[in-house]
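Please look at the sequence and the 3D structure shown here, and then work through the questions that come after.

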Amino acid sequence: MARSIEIYDTTLRDGSQGQGIHFSVDDKLRIAAELERFGMTYIEGGWPGSNPRDVEFFARAKKIKFKHAKLAAFGSTRRKGVRASEDAQVRGLLEVDTPVVTIYGKTSALHVREVLRCSPEENLEMIRDTVAFLKSHRREVVYDCEHAIDGWKDDPAYAIASMLAAVAGGADRIVLCDTNGGSLPAEVAAATRAAIAALKKTPVGIHTHDDAGLGLANALASLEAGASHVQGTVNGIGERTGNCDLTAVIPCAQLKFGWKCVSSTSLKGLAGLSRFVDGVANLAPDPRRPWVGTAAFAHKGGTHVDAVRKFSAAYEHVDPTVVGNERTVLVSDQSGRSNIVLKAKSLGIDLDRDSPATATALDELKKLEHGGWSFEDAEASLALLLRRHIGKSKAAPFEVASYHVTARGAKGSAYCEAVVRISIAGKETLTVAEGDGPVHALDQALRSALVKSFPKVSLVDYKVRILGGTDGTAAKTRVVIRSSDGKASWGTVGVSENLVEASLQAIVDGYAHALS
Ligand SMILES: [Zn+2]
């Protein structure tokens, strides 16, 4: 049987440290549900000791049914001079009530001296005591060895002693972290072998960063040397240059080395997961991202296209569909149809693979995507579009006949006003509302017109991305909003050269979905 590798996802903790990444609690919950669906072994949700948002996340994550993944809370070893049982940060790790607790501690004798400023023995006791305390509360404990590779190079005996202290406390996993991201694959492999030899039974894992462009290579070197657990983030988001990218390490381990990480069905969800996380993070997906980028299996004209048509392996290292990607020369072919049928099914819409409606919907989607639309985070807009093609859409519940938005500013204060003329069942109404910004004002005006006829819908999140203009065309704005009726939430999208127009499209879709 193939060796199996545990996948430990830290998108919600280490990933959220990345520059320009701001996850709300709702964002984190949606990502966690998606990571569970994908089939991660562990999902690290956050550090309860570092901010109240993570405490709220863990409280609300109790509603998610984790069938496959185990949720982990992250923290550190106790402070020096207090018992673990009396350390507020450590106790906080129990309060969030997760099956797994991951703590990090110092591996490097140099860091113990210079940063922690305590004796080498006190640090070992801090590690053992914290792990033992968490174990006494029946938690699975993952112990992250900070600066493991650097510390091992500097003072191998002390580094190993720190790992043995965690094992003495009862740690279930010992994870070597290349915290500064500057190690080389051969060094990571040597440290992994040394740890495995010293720890005997306790499984060893690896956590790498990409500062030298070696995050993936270092993780694979460690797995090749015998590690059985790998930590990383979706799309490699994370501090500085980021973490080891799970969207690369998973297919490399599974397809190139033949180790088992996730089911082959899960692997087919990899490209979708990558786009989903980019969507929630409001990042433009990198088309050149290995395995999952839209250009990863794109063939541009000439002999390659011809060769790939005859024999797909001619210019492709794997079949793109195994990671949920597709060959882009054959956009409207079978795989495009299968994907849209699958997507429709997940939205509760029955689409016949061979019907003309599927072909026209796919055509429209391709055109819209070319024009800057993206439906990754806007499932409600996609559902509305698909229903229109299969003739199952209801008549529009209302129509915006015209609108007018003004913005005024004076000395540090800004104020917007929106006037909306809307027709509901043939009857026109005119509403006026004020707001903090043009979109807020528009939403308020629309809502005051609709509130009498329709259930209350509120705008809970709003994301704007400017899409660069090309070939002399103006830059476009893509607006993704999430609306909620207090029970469910749904995403919609609008794209226009005009921010207000793009927002209006997304808001109108948001209401239309609630009323459909
Ligand atoms: Zn890290």
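Predicted model: local features only at pLDDT ≥ 70, side-chain atom pairs only at ≥ 80, totals over all residues.

Q: How many aromatic pairs does a search of the whole structure find?
A: Rings of Phe, Tyr and Trp (its six-membered ring) pair if their centres lie within 6.5 Å; planes under 30 degrees apart count as stacked, over 60 as edge-to-face and the rest as tilted. By this rule, the number of aromatic pairs found in the whole structure is eight.

Q: Which kind of pair do the rings of Phe57 and Phe58 form?
A: A pair of aromatic rings is described by the distance of the centres and the angle of the planes. The centres of the Phe57 and Phe58 rings are 5.2 Å apart and their planes stand at 70°, so the pair is edge-to-face.

Q: Is Tyr104 buried, exposed or partly exposed, and what is its relative accessibility?
A: Buried means under 20% relative accessible area, exposed over 50%, and partly exposed in between (1.4 Å probe, protein chains only). The ring of Tyr104 is stacked with that of Phe74, because their centres are 5.7 Å apart and their planes are at 10°. Phe74 counts as buried at 4%, whereas Tyr104 counts as partly exposed, at 23%.

Q: Which ring has the charged end of Lys28 over it?
A: A charge sits over a ring if NZ of Lys or CZ of Arg is within 6 Å of the ring centre and within 35 degrees of the ring normal. The charged end of Lys28 lies 5.2 Å from the centre of the ring in question, which belongs to Phe57.

Q: How are helices α1 and α12 oriented to each other?
A: Helices (H or I, at least four residues) and strands (E, at least two) are DSSP runs, numbered from the N terminus. Axes are lines fitted to C-alpha atoms, for helices over the stretch in contact, and angles run from 0 to 180 degrees between N-to-C directions. The axes of α1 (residues 25-38) and α12 (residues 270-281) come within 11 Å and cross at roughly 175°. Angles under 35 degrees count as roughly parallel, 65 to 115 as roughly perpendicular, over 145 as roughly antiparallel and the rest as oblique, so α1 and α12 are roughly antiparallel.

Notes. Residues numbered from 1 in each chain as written. Heavy atoms only, no water.
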